[in-house]
Amino acid sequence: MLSKVYDPGEIETKWFRHWEASGAFRCGQRPDAEPYVIVIPPPNVTGSLHVGHALNNSLQDILIRFERLRGKDVLWQPGMDHAGIATQMVVERQLDAEGRSRRDMGRDAFVERVWTWKALSGGTIEGQLKRLGASADWERSRFTMDEGLSRAVRRVFVRLYEQGLIYRDKRLVNWDPKLQTAISDLEVENKEVDGHFWHFRYPLADDPAQHLVVATTRPETMLGDTAVAVHPEDERYRHLIGQMIRLPLTDRLIPIVADSHADPEQGSGAVKITPAHDFNDFEVGKRHDLPQINVLDAHAHIDLDGSPYHGLDRYAARKAVVADMEAAGLLVQVEAKKVMMPYGDRSGVVIEPWLTDQWYVDAETLAQPAIRAVEEGRTRFVPENWTKTYYEWMRNIQPWCISRQLWWGHRIPAWYAPDGQVFVGHDEAEAYAKARAALGPDVVLTQDDDVLDTWFSSALWPFSTLGWPDETPELAKYYPTATLVTGFDIIFFWVARMMMMGLHFQDEVPFKTVYVTSLVRDAQGQKMSKSKGNVVDPLDYVERFGADALRFTMAAMESQGRDIKLAESRVEGYRNFSTKLWNASRFCQMNGIGGSDTVAPPPATLTVNRWIVSEMAATVAAVTEALDAFRFDAAASAIYHFTWHTFCDWYVEFIKPVLQGDEVDPALAAETRAVAGWALDQILVLLHPFMPFITEELWHALKDDRASDLIRAEWPTVGAQAIEAAARDEMAWVIKLIGEIRSARSEMNVPAGARVPAQIADLDATTTGWLERNREMVLRLARLDGVEPVASLPTQGVVQIVVGEATVALLLHDVLDFDAERARLAKARDKAEKEIRSLQGRLANENFIAKAKPEVVEDARAKLVDEQATVARIDAALARLA
């Protein structure tokens, strides 16, 4: 017998252990079935579960469990990413606490230390994902630094190099002066800060009395200027194009060039061009074949031999340059201004665009097949609007910098001879073989110190995890994958690169559908951040309300194209939904209703039983259609509404007299038990992808001789032929009649225990039959003393209700003081109206909107909506009394 109280913690732990031990998550158990594959976006080995993970993995697991129930050969491929820079920083901080550094240890010892840390502490998130219920094939879990995946990385690097698609070049990168490495755009956080624009005069070389005024936020970079640009159609400067400027503080001559990068509407319309220290200037420099002068070293100190600024930190150099320009009479003004500055998201220091030698992938060439694949519909984005974002990134793609100045990661398989020649190979022996063939037997090689960008290895994830470069059975069966579930922020960094690599090395897209999740915000719609103190720990919700409740919350709120406002009250509400299902199941169990022995609905004669079968069939269709379309919110809403309202609130109440009492018809009771047990089984199967733990517990509790676990059951196949329109129409009318009477009683403050008489007019032949067949049900659930059809209704001492074409009058003269009730309602309406005026005044106040916290403004708007709804309800009640 089910206990009175539902305890999610105990149940969830029990069932996950059972599923894992029974091999329920393993792929390949249905060798002849259609495969369905999802690869997990590999979380960082340093990571722990945050709300983004909770959303993403809940949705993935819903799809996996849904397709498993539909009989497919399911593979959810799990694993973790080595997360180069993030992991290296964790271990470096440990060493720093010990008074040591990685350079003290040396490369080999440091890498060994990272592997030790990974074995002991890494992968915390895997256990947390299991706590969430993630039914991945954990026995197949991969790590991007596994030997198999490392071999795939080397194979890809060598092949792309041999094809001319990987090369070494000197270009601008995001340089982190603290961590001493190039970083990706994703690791750069742009922040608005208080800054300055320094306006300088740049004199013309042939006529120092004339000058151009330029403005800069980084005066120290002027030491590397190689041109000043003006717009070719700017009449103010057209006559100066081609002339030279004598760059202050350096005595170098630089040209005035015409380029559309200069905006005549911004500042003076003339801009300094520093190709080695600005990404836009780098492109201008390429267009005009300008020199690239790197004025900084790796520590962001000035690196100009012979310069008075040589060796100065960038900010000390800034002060010195400004002082010297002012002393030379060339400082026009200093303008205080908000500026966007790039910060390293891990180091916290300002990032420098820095000219350096790095390894690059020819992303433009690889992007072309990936663009065509989406244009041709071989891969689609859901929601579809992300297709445009994908195209914008891919059609304007830049060379991909793949080298990082780190020690943890896949070391670049390139070796250098003393003369600088490079030899690329799958291993050192292959590189030496190539070098000796070219340079003789005594050549000595040195391997490149850099490692590959972590996105390089994760770009291979859909096929490297399946055993590539070997031609494995798994690769043949499970590639391409079906669906990728990911966040919008890595469409370019990960999704696009998987598309490029998958098409290049497998000649097939890596996935058919890319589902882009919503962004999870706090309850007020604010982006979560540690600085705001509004970060939600999903594990806290799991411990308090259960994993099922959190999972269902994520699904119910996942609406395509709309952010999620995650409130604790929503999670608590879906915990209450679990309790509702538990209590209904306990009622069924106590009344002899168990799990069904049949997938097809049992025969039914009672209208209420034919109705529940019909509603169940409609719900199966709605949930299936919604999940097929990735409408997680619609699927959750359909099964929630059926479970809570249709089954628990109405059907269970409708069937109580059939099962309980002294005059029970055994045949009808048996029919009802069979139908109720069947319907409850369908609920459990439909709910299982969303709430796997409680449904598995109830599946076994209701029938202890089940042939298999719910996780291995069949998705309901009850079809449209099971839907009886007549039964649905009849019970919908009965429910509306009872519901309207209950609402009116509540609005009028009729005592709950009072049974009141009612009369009903304007029934037609059909509704007359409905009322007669369900009279006892209506009387019992609406708490009526009687309900009699009449030709006309009384007008005094009654409250009227319209239900379809019929009108019901509740005769309340014996239980309600109408004058007092009107006065009470009028007083409540005045109070609500007063609050509405106050809220409208606050919301119309521009100072309130500008200065109040966003959550306070949002709360005021929500209260206004509530008060307006209150007035509408009171008006309806007053209308009933009229």
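Biologist: How do the residues of the lining of the second largest pocket divide into nonpolar, polar and charged?

Modeller: This is a predicted model, in which local features need pLDDT of at least 70, side-chain atom pairs count only at pLDDT 80 or more, and totals for chains, interfaces and linings use all residues. Residues are numbered from 1 along each chain as its sequence is written, and side-chain values use heavy atoms, with hydrogens and water left out. With Ala, Val, Leu, Ile, Met, Phe, Trp, Tyr, Cys and Pro counted as nonpolar, Asp, Glu, Lys and Arg as charged, and the others, Gly among them, as polar, the lining divides into 17 nonpolar, 14 polar and 12 charged.

Biologist: Which element supplies the largest share of the lining of the second largest pocket?

Modeller: Helices (H or I, at least four residues) and strands (E, at least two) are DSSP runs, numbered from the N terminus. Strands E7, E8, E12 and E14 (352-361), together with helices H8 (279-288) and H9, are among the elements that each supply at least two lining residues. The largest share, seven residues, comes from E13.

Biologist: Which residue in E13 is the bridge partner of asparagine 190?

Modeller: E7 covers residues 188-203 and runs antiparallel to E13. Across that pairing, the partner of asparagine 190 is proline 342.

Biologist: Why is one side of strand E10 and of strand E12 left without a neighbour in the sheet?

Modeller: These strands belong to an open sheet of four strands with mixed pairing, in the order E10-E11-E9-E12. E10 (244-247) and E12 (270-273) stand at its edges, so one side of each has no neighbour: each has a single partner strand.

Biologist: Which residue in E12 stands opposite valine 230?

Modeller: Strand E9 (residues 227-230) is joined to E12 by four bridges, and the two run antiparallel. Opposite valine 230 stands alanine 270.

Biologist: Which residue in the turn of the hairpin of E28 and E29 has a positive phi?

Modeller: Strand E28 (residues 798-803) and strand E29 (residues 806-811) run antiparallel and are joined by six bridges, with glutamine 800 opposite alanine 809. Two residues lie between the strands of this hairpin, and a positive phi of about 65 degrees belongs to glycine 804.

Biologist: How much space lies in the largest cavity?

Modeller: A cavity is a set of grid points where a 1.4 Å probe fits but cannot get out. The structure holds one of 30 Å³ or more. The space in the largest cavity is about 40 Å³.

Biologist: Which element gives the most to the lining of the largest cavity?

Modeller: The lining includes Ile40, Pro78, Met80, Glu126 and Trp138, and by class it has seven nonpolar, two polar and one charged residues. Strand E3 (79-80) and helix H6 (124-132) are the elements that give two or more residues. The most, three residues, comes from H6.

Biologist: What is the phi of alanine 83?

Modeller: Alanine 83 lies in the loop between E3 and helix H3 (84-97). Although this residue is not a glycine, its phi is positive, at about 55 degrees.

Biologist: What is omega for the cis peptide bond that joins tryptophan 468 and proline 469?

Modeller: Proline 469 is placed in the loop between helix H14 (461-464) and helix H15 (473-478). The cis bond from tryptophan 468 to this proline has an omega of about 20 degrees.

Biologist: Which proline does a cis peptide bond join to tyrosine 479?

Modeller: The residue in question lies in the loop between H15 and strand E22 (481-486). With omega at about 5 degrees, the cis bond joins tyrosine 479 to proline 480.

Notes: Two strands pair if DSSP finds at least two bridges between them. On a 1 Å grid over the protein atoms alone, a cavity is a set of points where a 1.4 Å probe fits but cannot get out, and a pocket is an open set with protein on both sides within 12 Å along at least five of seven lines; lining residues have an atom within 4 Å of a point. Grid points are joined across faces, edges and corners, and a volume is the space filled by probe spheres set on the points.
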